[in-house]
Amino acid sequence: MCRIGALKSLTPLAPKSALELMLPQQEGHDSSGFAMIMQDLHGAFAHDKEKPLLSMACTVRGLALVNEYMDQHGFAQLGQWVPDVCKDKKLNLHAMPRYVFRNYDYPEIFHYRSQAEREDLLMDTRLALRDLLHRENAGFVYSFWPDVLTLKEIGDPADIATYFGLWDENCRLRAKNIVVQCRQNTNYDIVRYAAHPFFLQGFTLCANGENTFFTRNREFQKSLYRGYMGFESDSQTLLYTLHYVLRELKWPLPYFKHVITPLPYEEQKTRQDADVLLLIRESLANLEINGPNTMIALLPDKTMINCCDAKKLRPCVIGRDEEMVVIASEVSGLNALLPKRDITCDIYPSERELVAIDDNLEITRWIQ
Amino acid sequence: MDTVNVQDLSVNDLAWVIDYHADLCVLCGACVASCSFQAISFVSTQKLLPKQTAKSRNKGNQKIVVKQSADPTKLCCGCGICEKVCPSRAIRPIANTHSREHCLNQSQGPKRRGGRGNLAKKRTLDAIFVGRISQMTDPPLDAERHTFDLRAPLGRVLAADKLPLEVSGQSLRLKASHPPVAWIYPLIFSDMSIGALSTRAWEAIAIATAYLNEECGLPVRMCSGEGGVPQNLLTSDKLAYMILQIASGHFGWNRILRALPKMRTDPAGVLIKIGQGAKPGDGGWLAASKVSRHIQAIRGVPQTTLHSPPNHQGLYSIEESVQKMHLSLNQAFGFRVPVAIKCAASSTSVAVYNNLLRDPYQICGGFFLDGLDGGTGAANTVALNHTGHPITSKLRDCYKAATAQGLQGQIPLWVGGGIGMHGDAAADAFKLICLGANGVFVGRMLLELLGCVGNAYGRCNQCHTGKCPTGLCTQDLRLVQRLDVDRGAENIVNFVLNFDQELRKLLAPVGNSSLPVGRSDALISNDWAIAQSLDIAFAC
């Protein structure tokens with residue numbers, strides 16, 4: 001089972017905190033990898049936060065292809081962070097030749113376009129780069145979005161951290177939000193695209209468990225939106241559902257929970273909003289999840305959320321102190337990172353609960 | 001050597017021969033009295049002997065015995081009622097492997113019968129297994145403890161971005177009306193009319209339906225069939241459990257429409273019947289012998305053989321079907337009642353379904369597909385045995401066609417035709433749901449639960465004659481008396497309760513608590529061609 005976690009802090013955190021959260025949960029690690037998405041960046045990317053940041057791993061040839069594509073399409077490179085990698089051969093990881101974390105300025109014409117058009121441009125560019133690299137077997141592109149950085153690699157999480165220098169307290173990668181995963185549990189091969197967290201247009205999501213309705217989720221989503229693709233992991237569909245409910249349908253956040261784990265019909269019928277809930281269930285029956293899953297997500301407005309399946313077969317636990325709120329799939333991670341917290345304030349979300357943490361670390365618990 | 005006329009019939013030419021043991025017979029007469037086909041009678045052994053021989057025998061030795069008739073109008077159909085009533089196990093019918101029956105009776109026109117296709121075909125569903133079991137990656141559920149949410153839609157489902165919803169603070173609220181959708185149990189009692197069935201048999205099914213709804217909490221729906229509905233039901237609350245059928249004969253609809261102002265509740269739905277799987281492309285046929293006085297009253301017809309045409313007169317295309325029938329029936333019930341359509345499965349089903357999915361009025365509330373293993377009360381044998389399309393691949397084709405367009409689930413797919421014919425209705429239903437069905441409908445199986453003795457190996461199948469020996473498909477009041485309505489209804493209720501339990505027993509190991517519609521990854525097949533065709537995993 002995947003180990004997942006997330007940190008939301010008033011002050012920027014280095015990846016070391018995420019590692020301290022995750023490694024105590026390492027029982028069962030199979031060296032399948034480490035992945036994290038950081039949002040609200042500081043350190044190396046404290047400036048140009050509104051400019052899209054490209055995160056990818058590729059070959060030398062892949063880098064040349066991407067450079068050529070970005071030039072041709074009018075993107076001008078601004079800053080970048082190049083990891084000072086540790087090339088110790090004893091490290092257990094499948095390193096790629098090049099890692100790219102750089103932000104770009106928009107093509108000139110997009111300075112005059114709407115926000116929606118820019119967001120479409122960024123997704124289409126990422127998909128085009130992904131396709132380009134895939135065709136040439138030259139690398140992987142994870143995210144291309146302002147103020148968001150993705151790092152993923154296959155191998156032992158501690159060794160991956162050593163390779164990228166993530167143990168360093170002074171690491172120049174810093175963010176107020178980190179969503180992290182160790183040990184990807186996928187239905188398919190261990191591949192980089194299958195490693196969550198996943199990202200799409202400002203939405204980040206990671207999940208553990210087994211989405212038993214993956215097939216029907218995927219078959220429905222494939223024709224719903226062009227950005228819903230890949231499907232290397234059964235958890236990806238949860239990200240797409242989140243994106244569809246909040247961004248495409250523009251429904252309030254609680255309806256995400258209603259879509260993925262609808263109330264039983266007999267219960268729905270007795271509610272005052274039965275007409276709305278039944279309609280939603282009818283139309284989006286194919287987005288229901290019906291297996292054991294818990295998910296942690298980060299929204300474009302930096303709200304962090306957590307909820308689980310309707311039978312609470314895969315819960316998470318949420319702990320906090322004055323400075324940060326932490327979510328972990330195993331409580332051992334929380335104990336390691338926040339040993340002095342008041343454990344009586346820990347939150348074990350119920351199967352009908354959605355927990356949202358805003359930028360001031362205010363926690364809202366919403367019952368379905 | 002004696003002369004012989006080979007055109008003369010003997011018992012051994014027939015499909016069923018009576019195995020009679022005079023030594024066990026107590027001469028009670030029950031078998032002779034209960035044979036509705038008059039296929040057996042009492043004779044004296046004296047009469048069985050040639051005249052001279054009989055004279056020379058001592059009359060004191062003569063015995064009364066049961067004799068099978070070889071008269072083509074009084075053929076034994078193997079129903080076995082004689083065996084049921086015999087107190088001493090002295091008589092029973094046996095299938096005759098040397099039968100010449102297909103060559104007999106040719107002057108009566110093409111053979112007709114009821115029942116199912118009689119070629120006992122191999123079924124696709126029997127080569128499919130639920131192969132994706134929750135083991136370690138996720139926990140299986142407990143069929144006894146967990147809450148299962150077994151409901152299926154009947155009605156037109158809108159795409160999420162077409163829903164009449166508006167955001168109000170942190171909530172959504174309705175801002176306009178929308179097509180009606182009923183969430184019902186994923187098993188519908190299929191359309192069998194009053195007329196094809198005896199009123200008592202129809203009543204037994206209706207009683208079972210009401211009991212399941214009111215006492216068991218299972219919202220099972222029953223389809224009326226094309227034969228009208230009793231007035232007292234039309235004006236009762238129990239109409240809510242009934243899907244009214246309109247077929248090409250429109251039988252009974254004058255009375256249904258006249259009852260509209262008096263209805264206390266809406267019916268569960270309206271089903272437009274275009275065709276049925278057992279005799280696709282053929283219309284209905286009710287022999288005059290079954291059109292008794294109460295059938296005449298309920299259908300508004302004189303006593304005559306009733307033919308429903310093979311198509312709806314005046315409908316020549318899907319567009320017309322949608323515009324005329326769907327719209328007018330939606331309108332008749334104020335757009336509050338789902339209107340669905342039933343077709344025989346065919347090579348053209350995907351085209352029909354695609355057209356319905358594109359319906360601009362969004363008023364088609366369900367596509368009922370009926371496969372070739374379905375039953376009927378009367379059809380030409382050639383149609384029963386040789387026409388039709390298996391349901392499984394056609395359902396899958398329709399589901400995949402909708403999926404390719406992102407329209408799956410918008411017009412619910414209900415399938416039938418042979419569900420449970422090998423005894424495992426829940427397994428059949430579960431597999432079909434995984435392949436894309438929202439629910440299933442059963443008809444013939446209900447008759448079997450009520451006591452029908454017919455089968456796909458030529459036993460009985462005399463539904464069309466009005467002489468149904470079990471009182472199910474006849475209007476002969478003496479035969480109808482044989483049916484115990486309460487026990488029949490109880491049997492159906494028990495079947496549905498077991499079906500529900502078995503469905504949970506299949507859902508639990510795959511880790512699902514709601515219906516896994518389209519979850520084809522849960523299935524495997526040990527037949528390569530079937531796996532390929534249905535796009536499921538092959539396993540061996």
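**Note on the two-chain model**

The domain assignment of chain B gives domain 1 (11-109) and domain 2 (181-538); such bounds come from an automatic or database domain assignment.

1. **Ground rules.** This is a predicted model, in which local features need pLDDT of at least 70, side-chain atom pairs count only at pLDDT 80 or more, and totals for chains, interfaces and linings use all residues. Residues are numbered from 1 along each chain as its sequence is written, while chains are lettered from A and ligands numbered from 1 in the order in which they are written.

2. **Domains of chain B.** The centres of domain 1 of chain B and domain 2 of chain B, taken over C-alpha atoms, are separated by 39 Å. Nine residues from domain 1 of chain B and nine residues from domain 2 of chain B form the contact. Two residues are in contact if their C-beta atoms, placed from the backbone, lie within 7 Å. On the side of domain 1 of chain B that touches domain 2 of chain B, six residues are nonpolar, three are polar and none is charged. For these classes, Ala, Val, Leu, Ile, Met, Phe, Trp, Tyr, Cys and Pro count as nonpolar, Asp, Glu, Lys and Arg as charged, and the others, Gly among them, as polar.

3. **Chain A against chain B.** Chain A puts 32 residues into the contact and chain B puts in 38 residues. Three helices of chain A, α5 (214-221), α7 (254-260) and α9 (274-283), each supply at least two residues of the side that touches chain B. Helices (H or I, at least four residues) and strands (E, at least two) are DSSP runs, numbered from the N terminus. The largest share of that side of chain A, five residues, comes from α9(A). By class, the side of chain A that touches chain B holds 16 nonpolar, eight polar and eight charged residues.

4. **A covered helix in chain B.** How many residues of helix α13 (residues 425-434) of chain B are buried? Ten of its ten residues are, and the helix is mostly covered. Buried means 20 or more other C-beta atoms within 10 Å of the residue's own, exposed means 12 or fewer, and partly exposed lies in between; C-beta atoms are placed from the backbone. Among the buried residues of α13(B) are D428(B) and K431(B). After α13(B) comes G436(B), with a positive phi near 130°.

5. **α13 packing on α16.** Two packed helices are described by the angle between their axes and the distance between the axes. For α13(B) and helix α16 (residues 485-507) of chain B, the angle is about 50° and the axes are 8 Å apart. Axes are lines fitted to C-alpha atoms, for helices over the stretch in contact, and angles run from 0 to 180 degrees between N-to-C directions. α13(B) and α16(B) are therefore oblique to each other. Angles under 35 degrees count as roughly parallel, over 145 as roughly antiparallel, 65 to 115 as roughly perpendicular and the rest as oblique. The crossing of α13(B) past α16(B) is right-handed. A crossing is left-handed if the near helix is turned anticlockwise from the far one by less than a right angle, and right-handed if clockwise. From α13(B), A425(B), A426(B), A427(B), A429(B) and F430(B) meet F499(B), E502(B), L503(B) and L506(B) of α16(B). The contact has eight nonpolar residues, no polar and one charged.

6. **A helix pair in chain A.** Helix α2 (residues 60-72) and helix α3 (residues 115-135) of chain A pack at about 145°, with axes 10 Å apart. α2(A) and α3(A) also make a right-handed crossing. G62(A), L65(A), V66(A) and Y69(A) in α2(A) meet A128(A), L129(A), L132(A) and L133(A) in α3(A). Seven residues of this contact are nonpolar, one is polar and none is charged.

7. **Backbone points to check.** Most residues other than glycine have a negative phi, and most peptide bonds are trans. C460(B) has a positive phi near 60°. C460(B) sits in the loop between α14 (444-450) and α15 (477-480) of chain B. Is C460(B) buried or exposed? With 24 C-beta neighbours inside 10 Å, C460(B) counts as buried. D535(B) also has a positive phi near 60°, in the loop between α17 (528-534) and β23 (537-538) of chain B. D535(B) is exposed, with 11 other C-beta atoms within 10 Å. In chain A, a cis peptide bond joins H196(A) and P197(A), with omega about 10°. P197(A) lies in the loop between β8 (173-182) and β9 (198-200) of chain A.
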